[in-house]
Amino acid sequence: MYEFIKGSIDYVGPEYIVLENNGIGYQVYTPNPFAFTNDLEHAAVKVFTYHYVREDTAALYGFRSREEKALFMKLLNVTGIGPKGALAILASGNPQHVVEAIENEDESYLVKFPGVGKKTARQMILDLKGKLQEIVPDYFPNLFNNHVPASPDELDEALLALKALGYSEKEVQKVVPELRKEKMSTDQYIKKALRKMLR
């Protein structure tokens, strides 16, 4: 329905951003909302959108690139993966690793994502292997390359975002000591936490 929305970022939270366009604020769920923090000061940001509609819900999902959106849509076609699960997979910031894991039938990598068990990982491989050629990994921008001066709240925001992606309190708390060692922006905390959890 909507290819993209161009507007200004009005709000960034753990689960979604609010993209303002012509006086309307669109609630857009993204893999890592804090990757848009630097865009709060820009007048116009292009967010590629996917309008998800089911009988009990309608929501907008947003992405930095068409390729990222295309991978999200492919993941939605896999039995057992909904929008929340697809966002959690994309939030790692390494879609190319996901594509490689599918092509190499690396179930052990895929089951590290929240909500993805052995059965779902096997289904991803069966449904998507050999069908991701148009999603070239080189086209994915680094979703977490924004550098923002860190504030004390940024670690808390990152932890909220990880929980919103489906990681349990126990999983999140395992990486907190490591994250506290450095002062980073929210999106950098998220990237580092996901790298540690996906090992």
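Q: A charge sits over a ring if NZ of Lys or CZ of Arg is within 6 Å of the ring centre and within 35 degrees of the ring normal. Over the face of which residue does Arg-64 lie?
A: This is a predicted model, where local features need pLDDT of at least 70, side-chain atom pairs count only at pLDDT 80 or more, and totals for chains, interfaces and linings use all residues. Residues are numbered from 1 along each chain as its sequence is written, and side-chain values use heavy atoms, leaving out hydrogens and water. Lys-46 has its charged end over the ring of Phe-4, 4.4 Å from the centre. For Arg-64, at 4.1 Å from the ring centre, the residue is Phe-36.

Q: In which helix is the place of Thr-186?
A: Thr-186 is buried (under 20% relative accessible area; exposed is over 50%, partly exposed in between, with a 1.4 Å probe and protein chains only) at 3%. Beyond its neighbours within four places in sequence, Thr-186 is in contact (heavy atoms within 4.5 Å) with Phe-34, Glu-154, Glu-157 and Ala-158. Among helices (DSSP runs of H or I, at least four residues; strands are E, at least two; both numbered from the N terminus), residues 186-197 form the one holding Thr-186, helix H8.
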